[in-house]
Amino acid sequence: MEKLKLHTPDITTQNIEKLAELFPSCLTEAQDQQGRITKTIDFDQLRQELSGSIVDGPRERYQLDWPGKREAILAANAPISKTLRPYRQESADFDKTRNIFIEGDNLDALKLLQETYLGKIKLIYIDPPYNDGKDRIYKDSFDEDSSVYAERSGQKDELGQRLFVNSESNGRFHSDWLTMMYARLKLARNLLSDDGVIFISIDDNEADNLQKICLEIFGEENFIGRLIWKNATDNNPSRVAIEHEYICAFARVKSATAAVWKTSVSDVKSLLMGKAEELLQQFAHDSDESLQHAYSSWFSKAKSQLWPLDGYKFIDRGGIYAGIRGVHNPGKEGYRYDVLHPETGKPCTPPLMGYRFPKETMDRLLAESRIIFGDDHTKLIELKAYVQDFQDKLSSVIELDGRSGAYDLRELFPEYRTVFDNPKPVRLLEKLISFAMPNSEGIFLDFFAGSGSSCHALMAMNAADGGQRRYIAVQLPEPCKEGSDPAKAGIRYISEITIARLLRAGQALSKKVSGQRMLTNTHEFDSGLRVLKIDTSNMRDIYYAPDTVQQADLLGQVDNIRPDRGSEDLLFQVLIDWGIDLGLPISEEHMDGKTVFFVDGNALAACFDTGITDESVKAIAKRKPLRAVFRDTSYGSDSVKINVEQIFRLLSPETEVRSI
């Protein structure tokens, strides 16, 4: 029974908890007056979070620190004056697709997504540079003026300081990498929903440092684990063969994520048990081979939905089962005896540490047909684990059978021998996506998109189960590797490979969708892609001080829109400023001779034509949109500009009206 506190609330503790929720990176450990280690707020760090410039204040505390950490915080918090411009000619099904590709600096992209997708992203997966002394990493700048930054953000060549090879001879080898990652992960955390998860691929070079900054940004209580992916690729020239990489996993709120995971396992377990009951009734009088063949056929088509239980590949009269090493003793020494192979009659190869059970238990398991034998006695035996006995758990080691990520790409780009260095396998990413997005819906984000493997995997899952998961991919227009097959073919940037891969994957999956889904088939498969590119603001820059403005200059400043920007450019800047989903469907209509954009039906009506009259405004108001926006210079006369709010107040009082 919970006891009464019998004291007033500890306001200090409550305030620390509130600040920790808003700024988890400011929670630290310190020694109190009695010498006890307690949780407290790092006020120097809090000052930096609330400051627009770098602040000093060294203090002894438990934390990971490096030259550039404060600059990273400043970079994450500093505002930018940029926008996203649509590129229809590079897109597919632009008006209807919910999938978004953003070309540009991912730090800028994360800032532009903040208001619209705050707390809405279900899963983030990134495969950042591994910092092996060869990878190119971002070189962010924190002290240059807007004009220099605007020039630099055009993604110059290798001497243009946007990307650089962070060699081990660099005195800031780890610091530069940590600074780059810290700013981006801080912004990424804001986008995750309460039950959201972030997966980060990494190798030994920065695995420990990555985990430490994630512990600081996401909080220790939200650490899910460091998964090991056995990729059987030796990337190490030393005598130690490196055959694995890591996937660092953190939750926004771990308890909420655990509930999703448990529901996912429960749903898949129920699905498998229901399928077992169906097949056992259907094949009650048929051979075991017919039963297994029917199950294997179903399993191969439904596999993407069955993770984390996709190891249950077999069925017998007892139900669906997987083979596990449950008879092998994991300790120093187990039981020693012979288990004869039913075909060869010879003793099977024993486990290294012997068997887990005494011989009497093994005899019972054999009598119950719970032991799986290999093709001959040289194979280790396994135990049948039936799905009805499965206990909820997630393995920290991921082993995959099948093709590599390079094979996935070669299938889509048969004209190239090599498309991209070390792309992740689609199957690996399907596993991760299934863990965090088991309910066939939600928004996925990859802001180090690379070749686009993760978004390809998400589309493959949607094609298999009829899901409505959608993605946002971000990739810098980084120059292709000199001498590579794409570069020889005239492809200049990695972002072009990403777009091409996503379009080709969408087309290939669309061909497989019709009549192929084993389970739900209630939604149309979205193979489209809406391409947006980061650019300077659509609004003119005004550099003149009041005493330098001449009367002749005033007329040139009436129109505040850059002359090279069109109506769709303005529309997407409005979506960003208003926090409206960038993936909503867009339609274009002509009303009273003017072009009007409608976003998601009546979520937004936008008209940027000139010469708007009262009749034009009335036509739009009669549609009763939730929001309406016009260009400040659109109105045909001052009276029309004055009448706009009155017209909407009369015909559509719920509409929020703005001008740009």
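The views below come from a predicted model, so let's take them one at a time.

View 1. To find your way, look for Tyr 321, whose bridge partner in S14 is Tyr 386. Strands of a sheet pair through backbone hydrogen bonds, in either a parallel or an antiparallel way. Is S14 (residues 382–386) mostly covered or mostly exposed? Strand S14 is mostly covered, with four of its five residues buried.

**View 2. Strand S13 also pairs with S14.** Strand S13 (residues 371–372) is joined to S14 by two bridges, and the two run antiparallel. A handy landmark here is Ile 371, which has Leu 383 of S14 as its bridge partner.

**View 3. Strand S11 pairs with S12.** Three bridges connect S11 to S12, again in an antiparallel arrangement. Here Phe 314 has Tyr 321 of S12 as its bridge partner.

**View 4. The four strands make an open sheet.** Which order do the strands follow? Reading across the sheet, the order is S11-S12-S14-S13, with antiparallel pairing. Strand S11 (314–316) and S13 are the edge strands, each pairing on one side only. Helix H8 (residues 254–282) lies across S11 and S12, and runs at about 120 degrees to S12.

**View 5. Helices H18 and H19 pack together.** Two packed helices are described by the angle between their axes and by the distance between those axes. For helix H18 (residues 614–621) and helix H19 (residues 638–651), the axes come within 9 Å and cross at roughly 30 degrees. Angles under 35 degrees count as roughly parallel, and H18 and H19 are therefore roughly parallel to each other. The crossing of H18 past H19 is right-handed.

**View 6. Side by side, residues of H18 and H19 meet.** From H18 come Asp 614, Val 617, Lys 618, Ile 620 and Ala 621, and they meet Val 640, Asn 643, Val 644, Ile 647, Phe 648 and Leu 651 of H19. What kinds of residues make up this contact? Eight are nonpolar, one is polar and two are charged.

**View 7. Stepping back to the whole chain.** The protein chain has 19 helices and 23 strands. Of its 660 residues, 48% count as buried. Among contacts in the protein chain between residues at least 6 apart in sequence, 71% join residues at least 24 apart.

Conventions
Residues are numbered from 1 along each chain as its sequence is written. This is a predicted model: local features need pLDDT of at least 70, side-chain atom pairs count only at pLDDT 80 or more; totals for chains, interfaces and linings use all residues. Side-chain values use heavy atoms; hydrogens and water are left out. Axes are lines fitted to C-alpha atoms, for helices over the stretch in contact, and angles run from 0 to 180 degrees between N-to-C directions. Angles under 35 degrees count as roughly parallel, over 145 as roughly antiparallel, 65 to 115 as roughly perpendicular and the rest as oblique. A crossing is left-handed if the near helix is turned anticlockwise from the far one by less than a right angle, and right-handed if clockwise. Contact means heavy atoms within 4.5 Å. Ala, Val, Leu, Ile, Met, Phe, Trp, Tyr, Cys and Pro count as nonpolar, Asp, Glu, Lys and Arg as charged, and the others, Gly among them, as polar. Buried means under 20% relative accessible area, exposed over 50%, partly exposed in between (1.4 Å probe, protein chains only). Two strands pair if DSSP finds at least two bridges between them.
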